[in-house]
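Please find my notes on the model below, as numbered points.

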Amino acid sequence: MNVSAHRAFSLLKELAYERVSCSAEERSAAQRLLQEALSIGVSAQIEEFKAPCGHVDHARLVVTAPYEKEYTVTGYERALPTGEDGLDGEFYYAEDVLPAHLARVKDKIVMINGPLRRKTYEKLRKAGAKAILTFSGETIDHESNSDLLIRKLRETLTEPFGSAVALNMRAADAAEIVRRGAKQMHIELEGESYEGTSQNVCAVIEGTTYPEEIISLGAHYDSVYFSTGVYDNMSGSVILMELLRYFAKHRPARTLKFNWYGSEEQGLLGSKAWVAAHADELNQHVLMINVDVAAATLGHNVAPVLATDAAVSYVDAVMREIGIPCKTKLDIYSSDCIPFAEKGVPAVNFCRFGAPGADFIHDRNDNLKSGYIDENALDITLRQALAFTDRVANAVLCPIERKIDKKIVDKVDEYLFKKEKDEE
Ligand SMILES: [Zn+2]
């Protein structure tokens with residue numbers, strides 16, 4: 001069939017390094033993907049876009065009373081700096097952001113459970129918290145085998161609610177601070193916010209019969225800090241490359257646009273930028289096909305469809321036809337399908353999720369040494385995506401209507417904070 005999971009996996013191995021938004025490594029991975037696409041003999045190029053970036057020069061937290069101890073922290077990128085002198089304040093552990101908690105956060109350095117979500121941020125800001133502390137990892141982690149996450153204050157938080165001082169620490173340290181009854185602390189944060197450059201890699205195969213009808217295929221190739229992102233999502237990226245190879249030889253009736261998106265992990269920045277830059281052609285887009293996470297040895301196949309029940313039945317029927325078990329469902333998926341669905345372009349995602357105990361994502365364990373991904377498993381998603389793309393790209397009429405259920409439209413709007421959810 002001219003596709004090879006083995007070849008795909010070799011490319012994955014080559015690109016198994018950290019590829020964070022706007023970094024030199026992300027750039028070099030983009031160039032490697034471009035080079036591969038060009039070697040296939042199709043038209044391809046890099047499309048750059050601007051992305052909000054930040055770096056932290058200095059972050060410090062010291063408990064000053066009733067005991068004295070310094071803890072290792074990371075500063076949130078793009079957070080408010082404290083200035084050289086830092087700031088001192090009373091510590092308060094807000095297990096939640098219920099009114100009873102919020103009544104006590106004013107002018108305090110507030111530690112919360114879990115990541116900083118928009119609703120939580122809004123409530124803490126409005127209640128007058130002086131600074132925000134979060135923690136990551138698990139209380140049983142050891143410094144030698146876990147990383148202290150570097151987080152960012154995204155514009156979805158700071159644009160509506162302003163910037164705040166924010167630090168992240170280890171769960172084990174957070175537990176110690178609470179256990180030992182910390183009352184007063186001193187924190188320092190210095191850093192810089194700037195506009196960085198990220199990029200999408202884009203290739204096109206013109207349709208032979210219905211060139212004006214476009215199906216786009218997407219996979220993000222960036223990773224988070226500390227992660228080599230082989231599962232999330234170099235696996236999807238190399239699957240896309242095999243599809244490009246196949247359709248370059250077997251020209252499709254419809255036009256296929258292949259996009260490897262950068263900066264997905266920072267809030268779908270690559271696909272948002274692509275959709276914005278190609279706004280005038282979006283009415284020609286009949287479908288978006290996205291591959292995000294694959295190759296898990298122990299795992300299962302899921303296809304979230306952002307369209308209609310009829311589309312779900314169609315995807316399911318194709319999977320039954322090729323005999324690959326796949327849980328197909330009408331739902332959104334936190335990936336590059338979202339900006340397309342927002343513009344009315346239906347989307348189908350192919351994912352192979354790792355089973356419990358064999359699923360490492362967004363941390364240092366998403367790497368080849370963890371032994372949880374392999375090329376035979378990658379071949380499953382490759383065959384799904386190929387069979388499905390082949391059917392829809394060559395059908396006389398596109399089997400999926402350009403329609404998205406109200407339920408999905410609402411979920412997309414909530415995801416993009418265009419519509420408020422009642423309560424978290
Ligand atoms: Zn992903």
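1. Helix H4 is followed by Gly128, whose phi is positive, near 85 degrees. H4 covers residues 118-126. Helices here are DSSP runs of H or I with at least four residues, strands are runs of E with at least two, and both are numbered from the N terminus. The buried residues of H4 are Arg118, Lys119, Thr120, Tyr121, Glu122 and Leu124. Buried means under 20% relative accessible area, exposed means over 50%, and partly exposed lies in between (1.4 Å probe, protein chains only). These H4 residues pack against helix H3 (99-102), strand E5 (108-112), strand E6 (131-136) and helix H5 (155-161). Contact means heavy atoms within 4.5 Å.

2. A word on the basis of these notes. The model is predicted: local features need pLDDT of at least 70, side-chain atom pairs count only at pLDDT 80 or more, and totals for chains, interfaces and linings use all residues. Residues are numbered from 1 along each chain as its sequence is written, and side-chain values use heavy atoms, with hydrogens and water left out.

3. Which residues have the most contacts inside the largest nonpolar core? They are Leu244, Phe258, Trp260 and Phe388, in a core of 89 residues. Helix H7 (residues 230-249) supplies the largest share of this core, 11 residues. A second, separate core has 42 residues, among them Leu102, Val110, Tyr121 and Phe135. A nonpolar core is a set of buried Ala, Val, Leu, Ile, Met, Phe, Trp, Tyr and Cys residues joined through side-chain atoms within 4.5 Å. In soluble globular proteins, nonpolar side chains tend to be buried together.

4. Leu244 deserves a look. With neighbours within four places in sequence set aside, Leu244 is in contact with Ala37, Ile40, Val42, Ala203, Ile205, Phe258 and Trp260.

5. His220 lies in strand E9 (residues 210-220) and Asp292 in the loop between strand E11 (285-291) and strand E12 (299-306), so the pair ties together parts 72 residues apart in sequence. Both His220 and Asp292 are buried.

6. Arg254 lies in strand E10 (residues 254-261). At 0% relative accessibility, Arg254 counts as buried. Its side chain makes a polar contact of 2.6 Å with the side chain of Glu213. The Arg254 side chain also reaches the backbone oxygen of Ala395 at 2.8 Å. A polar contact is a pair of N or O atoms within 3.5 Å; within protein, one must be able to donate a hydrogen and the other to accept it, and residues adjacent in sequence count only if both atoms are side-chain atoms.

7. Helix H11 (residues 375-394) has 20 residues, should span 28 Å at 1.5 Å a residue, and has end C-alpha atoms 28 Å apart, which agrees. The expected span is 1.5 Å times one less than the number of residues. Asp374 caps the N-terminal end of H11, with a side-chain oxygen 2.9 Å from the backbone nitrogen of Asn376.

8. The bond from Ala65 to Pro66 is cis, with omega near 0 degrees. Pro66 is in the loop between strand E1 (43-65) and strand E2 (69-71). The bond from Asp232 to Asn233 is cis too, with omega near 5 degrees. Asn233 lies in helix H7.

9. Asp107 has a phi of about 65 degrees and sits in the loop between H3 and E5. Asp107 is partly exposed, at 47% relative accessible area. His362 has a phi near 60 degrees and lies in the loop between strand E14 (347-354) and H11. His362 is partly exposed, at 36%.
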